[in-house]
Amino acid sequence: MDALFNVPEPVNEPVRGYAPDTSERANLERRLGELAAERHELTMTIDGERRMAAGEPIDVVQPHRHSHVLGVTHNATTDDAARAVAAAKRAAPAWRDLPYSERAAVFLRAADLLSGPWRDTLNAATMLGQSKTAIQAEIDSACELIDFLRFNVYFGQRILADQPRSSAGVWNRFDHRPLEGFVYAITPFNFTAIAGNLPSAPALMGNTVLWKPSPTQQLAAHYTMRLFEAAGLPAGVINLVTGDGLATSEVALADPDLAGIHFTGSTAVFRTLNRTVAENVYRSYPRVVGETGGKDFIIAHPSADPAPLITAMVRGAFEFQGQKCSAASRAYIPASLWSQIKDEVVATTEALTYGDVTDFTNFGGAVIDRRAFDRLAAALDRIKNSSSCTVVAGGTADDTEGFFVRPTIVECTDPTHEVFTTEYFGPILAVHVFPDERYDEVVAQAESAAPYALTGSIFATDRQAVERASHTLRFAAGNFYINDKPTGAVVGQQPFGGGRASGTNDKAGSWHNLLRWTSPRTIKETFVPPTDHRYPHMG
Ligand SMILES: NC(=O)c1ccc[n+]([C@@H]2O[C@H](COP(=O)([O-])OP(=O)(O)OC[C@H]3O[C@@H](n4cnc5c(N)ncnc54)[C@H](O)[C@@H]3O)[C@@H](O)[C@H]2O)c1
Ligand SMILES: N[C@@H](CCC=O)C(=O)O
């Protein structure tokens, strides 16, 4: 077909509430029961074929009930990874030669399937496997992933439409080629949407992909792969390998055709990947895109409204057990305000219920695994032994049934203490209380207290205070919020990503990100080429 197609104008997927006695709640509960009753074979998918990786087995459990094994997956070996890389390379010519509209149709269909018949499956898998409550799963594995798929198609079309100017007698064009080689997508446990977006965004732009999800997100990743297949994704375009990624990286990072890395996860792992890429020589210079850790702040001015501040602190820090890269983990509160809100913040936090997420009355679930639990329990021990810190809410952890860490608030007099600088990735909020008149000083200290620059909020009604903080904190957060919590970015509305140790700030779900997966060829066609080599000044 020869036409310039318009893609549908995307709108954000409406969020369902799953209130008691609704059919949406009943359907989700039914699917939760079905998925929990199965023992899933969590295979790789290479060239459209499902097979178990050949390395050590890994049990995939419910974090809130670790005795319940949802399924088993295996570490991919170097042979498994080599097969996946070869499959991606084989699939590349046919996939990149498909018109954009055909590739886009696959992902638009995936979005519609997820909005309809696949919604309960992805939500239930995310709830059981990652211990997200219904609302946290809904905003992630349903709405955000649907939005990524639809908005990417829309932004990709805008990129294709971007063409250079032409002077008289000349036609200049951009051929928005994919990268030459394969893209390696490595995804974190905490967002099913990110796990689905990282392989599909480069694929939309014509690349083929090696996808290595997190073992602790493997149940939802498994169903995401099935969703892409159901939407008509050809075999070999996205190849899913399972496990810890060590053998996979050994193969992928040494391959001369590595064209890009699309990573979301910890700063430490991203630094290792960067180092390895820098030491190797590839056919092209790989595009390295990474969104990593955060130490996200809330700073209040004495003029702030207390009620929204309390809600922002509680939701921002403790939703999904603080396991959002955007979670509020340090707050700077003026003394006059803290004396008004402290009792309520503490009481609200103490009343939060973390438990089995299939009990819809719970506010949260468990942290993801034993490693996270041990890391957080050790942090709590250090905090309790620190003379400058006082635990004012929570502070306990219990792994008897699940990996539960109580939502914790720590008041700390030393703003350079590790509670203000280290990403714990759990439900721990550090609070520094300061004399009201030292607001500007505190803003300046918070600006570079931590190495990260992902998200941050300012609470104030005084516009001068907002303006001064916004200016001082310009480089301290890639997503900056005024009178709102620092979490919950919506695709197409608050493009997401941060700088400094938080990543390359390529803004997932925006055209900034999609641009990284294209390598334009400029074409100049001259209609009537010159036939005389001499210039006028030569006479
Ligand atoms: N900035 C963002 O947009 C964003 C979003 C979500 C999560 N995060 C960050 O992610 C982290 C939490 O996620 P996580 O615990 O899954 O992170 P992680 O770094 O432990 O793991 C991320 C992924 O990398 C894999 N991995 C680890 N070593 C590897 C290697 N050598 N080769 C290939 N793969 C390897 C893991 O198996 C996983 O799939 C936090 O630091 C959080 O801030 C950032
Ligand atoms: N985009 C999400 C965070 C993703 C990281 O974990 C938010 O804005 O809360």
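1. Met313 is a residue of helix 10, which covers residues 306-318. In this predicted model, Met313 counts as buried because 25 C-beta neighbours lie inside 10 Å, and the threshold for that class is 20 or more. Setting aside neighbours within four places in sequence, the contacts of Met313 are Ile298, Ala328, Ala331, Val345 and Leu429. One of these, Leu429, is 116 residues from Met313 along the chain, yet the two C-alpha atoms are separated by 8.3 Å.

2. Gly426 sits in the loop between strand 17 (408-412) and strand 18 (428-434). Not counting residues up to four places away in sequence, Gly426 touches Gln321, Gly322 and Gln323, together with Val367, Ala372, Leu376 and Val405. From Gly426 to Thr408 the C-alpha separation is 9.3 Å, over 18 residues of sequence.

3. Ala104 belongs to helix 3 (residues 100-115). With 23 other C-beta atoms within 10 Å, Ala104 is buried. Beyond residues up to four places away in sequence, Ala104 touches Val7, Val153, Gly156 and Leu204. Ala501 is 397 residues from Ala104 along the chain, and their C-alpha atoms are separated by 33 Å.

4. Most residues other than glycine have a negative phi. Tyr18 has a phi near 55°, a positive value in a residue other than glycine. Tyr18 is placed in the segment before helix 1 (23-37). The class of Tyr18 is partly exposed, because 19 other C-beta atoms lie within 10 Å and a buried residue needs 20 or more.

5. Asn483 is the other case to check. Its phi is near 55°, again a positive value in a residue other than glycine. Asn483 is found in the loop between strand 21 (479-482) and strand 22 (499-500). With 16 other C-beta atoms within 10 Å, Asn483 is partly exposed.

6. Helix 2 runs over residues 78-97. Its 20 residues reach 30 Å from first C-alpha to last, close to the 28 Å expected at 1.5 Å a residue. Where does helix 2 bend? The bend, of about 40°, is at Ala91, and a proline, Pro93, follows within four residues.

7. The buried residues of helix 2 are Asp80, Ala81, Arg83, Ala84, Val85, Ala87, Ala88, Ala91, Ala92 and Trp95.

8. The largest nonpolar core has 92 residues, and Val209 and Leu210 have the most contacts inside it. Helix 5 (residues 134-161) gives the most to this core, with twelve residues. Apart from this core lies another, of 64 residues, among them Tyr354, Ile368, Tyr439 and Ala476.

9. Which residues are in contact with Val209, leaving aside its neighbours within four places in sequence? They are Ala88, Phe182, Val183, Ala185, Pro199, Pro202, Ala203, Val237, Ile238 and Asn239.

10. Ligand 1 is surrounded by 32 residues, the closest being Gly245, Gly265, Ser266, Glu291 and Cys325. By class, this shell has twelve nonpolar, 16 polar and four charged residues. Helix 8 and helix 9 (267-279) each supply at least two residues of the shell.

11. Ligand 2 is surrounded by Asn190, Phe191, Lys324, Cys325, Ser326, Thr487, Gly488, Ala489 and Phe496. The shell around ligand 2 has four nonpolar, four polar and one charged residues.

Methods: Residues are numbered from 1 along each chain as its sequence is written. Chains are lettered from A and ligands numbered from 1 in the order in which they are written. This is a predicted model: local features need pLDDT of at least 70, side-chain atom pairs count only at pLDDT 80 or more; totals for chains, interfaces and linings use all residues. The expected span of a helix is 1.5 Å times one less than its number of residues. The bend at a residue is the angle between axes fitted to the seven residues ending there and the seven starting there. A residue is buried if 20 or more other C-beta atoms lie within 10 Å of its own, exposed if 12 or fewer, and partly exposed in between; C-beta atoms are placed from the backbone. A residue is near a molecule or strand if its C-beta atom, placed from the backbone, lies within 6 Å of it. Ala, Val, Leu, Ile, Met, Phe, Trp, Tyr, Cys and Pro count as nonpolar, Asp, Glu, Lys and Arg as charged, and the others, Gly among them, as polar. A nonpolar core is a set of buried Ala, Val, Leu, Ile, Met, Phe, Trp, Tyr and Cys residues joined through C-beta atoms within 7 Å. Two residues are in contact if their C-beta atoms, placed from the backbone, lie within 7 Å.
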